[in-house]
Amino acid sequence: MAANDTDRAAQRGIQSIEVGGQLLRALVHRGRPMALKDLAREADMTPAKAHPYMVSFGRLGLIEQDRASGHYLLGPLALQLGLISLQQADPVHIATPLIAEVARAIGHTVALAVWGARGATIVRTAESPSPVHVNMRHGTVFSLTNTASGRVFAAYLDAATVRQLLEAERGRQRQRGAAPGEAGMPPQPPLPSWTAFERQLEEVRAHGLSRSEGEVIEGVSAMAAPVFDHTGAIVLSVTAIGPAAIFDTAWDGEIARALKACAGTVSARLGAGSGAAKTADRPTDP
C-alpha cells in the first residue's frame, strides 16, 4: 500500500460528507449556477440522492437556490470560507516546499523573490543537488532592468511605478558615472529607454517568463516565472539560476516548464484564475 493510501486508511472519515462534497466540487468546477440533474450527473449520483445533500448544504449556507430558475449556486458561507482561506494563504509558505522539488528536478538553484522597498528581493532558496551550481543569498536585491526576476516583476507591476523605478535607477547610474565596477563583474550597460524596456516586458508577458543570459555575471543564466494572487497581482518570482553552459534558457525547455508549473501551482493555491495576471495600461515615450 502506498504511503498516501496508508495515511488515508489510518484517518477515519465520514463517507456521507465525502459523497456530498462531490456536489460542491461540481459547483466549483463549473463556476456557474447548475440544475439539480446536472449537479447529480457531475457527482455521479441520482437527483433523488443529491437533493437531501443540497437541502442540508442550503441550511448551512454553503449553497443557495435561485428562486426563478431553481438552479443552485455557492452560498454566503462558501464565500466567507473562501475569503478567509485567501487571507490565510502565505505565498512564501506555500511555495517553499515546491522550489526544493524543482531544484532537484532541473539540477539548478531555485529561489523565491518578493517585491520589497528596494526591488525584487530573495527570501528563500533551494540549492541544486548538482556539484556545479550557483549560490544565491537571502536578501539579495535584483536589478530591475538586467535580471530575470527584476523584469518579471516589472512586466506585471503598475506601469507608472515601473517607469519611476527605471528613472530612479537611471539617476543612480548617472551618479556613479564612469566609476569602475566591482571586481569580476561586467561593466554596466546603459539603461534602456522606456520604449525599449517596454518591448522587453512585452516579451516577458508573451511567454509568461523572463530570462537573463550573462547580464549580471558572465557565464551565468537565469529564468523567472511570476506568481499571482486572487486579485491578479504579482506576489512572487520563482527564479532558477545556473551556469550558462548547462542552463537551458529555451522558452519551452525543461527549466521553463518546471518554473511555470511551480508558479502556476502556487498561483492556483492563492486563488488566481487563468489569465489572472493584471496588465496595466503601459505608457510609451513621446
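**Entry 1: the model.** I noted that this is a predicted model, in which local features need pLDDT of at least 70 and side-chain atom pairs count only at pLDDT 80 or more, while totals for chains, interfaces and linings use all residues. Residues are numbered from 1 along each chain as its sequence is written, and side-chain values use heavy atoms, with hydrogens and water left out.

**Entry 2: the whole chain.** I recorded 10 helices and 7 strands in the protein chain. Helices (H or I, at least four residues) and strands (E, at least two) are DSSP runs, numbered from the N terminus. Of the 286 residues in the protein chain, 40% are buried. The accessible surface comes to about 16200 Å², and 53% of that surface belongs to carbon and sulfur atoms; the areas come from the Shrake-Rupley method with a 1.4 Å probe, and for residues only the protein chains shown count as cover. I then looked up contacts, meaning heavy atoms within 4.5 Å. Among those with a separation of 6 or more, 59% join residues 24 or more positions apart.

**Entry 3: the nonpolar cores.** A nonpolar core is a set of buried Ala, Val, Leu, Ile, Met, Phe, Trp, Tyr and Cys residues joined through side-chain atoms within 4.5 Å. The largest one has 28 residues, and Val-152, Phe-153, Tyr-156, Val-162, Phe-197 and Ile-234 have the most contacts inside it. The elements giving two or more residues to this core include helix H7 (148–156), helix H8 (159–176) and strand E7 (234–243). H7 provides the largest share, 6 residues. Apart from this core I found another, of 27 residues, among them Leu-112, Met-223, Phe-247 and Ala-263.

Entry 4: Is Arg-151 buried or exposed? Arg-151 lies in helix H7 and counts as buried because its relative accessibility is 6%. A polar atom of the Arg-151 side chain lies 2.6 Å from the backbone oxygen of Thr-145. Beyond four places in sequence, Arg-151 touches residues including Phe-197, Gln-200, Leu-201 and Glu-215.

Ser-149 also lies in helix H7, and I list Ser-149 as buried because its relative accessible area is 1%. With neighbours within four places left aside, Ser-149 is in contact with Ala-120, Phe-142, Ala-224, Ser-237 and Thr-239.

**Entry 5: Ser-69.** I located Ser-69 in the loop between strand E1 (63–65) and E2. Ser-69 counts as partly exposed because its relative accessibility is 43%. A polar atom of the Ser-69 side chain lies 3.2 Å from the backbone nitrogen of His-71. The C-alpha atoms of Ser-69 and Pro-33 are separated by 9.3 Å, and these residues are 36 apart along the chain.

**Entry 6: a pocket.** On a 1 Å grid over the protein atoms alone, a pocket is an open set of points where a 1.4 Å probe fits, with protein on both sides within 12 Å along at least five of seven lines; lining residues have an atom within 4 Å of a point. The second largest pocket has a volume of about 390 Å³, the volume being the space filled by probe spheres set on the points. Of its 14 lining residues, Leu-24, Val-28, Leu-74, Ala-78 and Leu-79 are the closest to its centre. H2 gives the most to this lining, with 4 residues.

Technical notes. Buried means under 20% relative accessible area, exposed over 50%, partly exposed in between (1.4 Å probe, protein chains only). A polar contact is a pair of N or O atoms within 3.5 Å; within protein, one must be able to donate a hydrogen and the other to accept it, and residues adjacent in sequence count only if both atoms are side-chain atoms.
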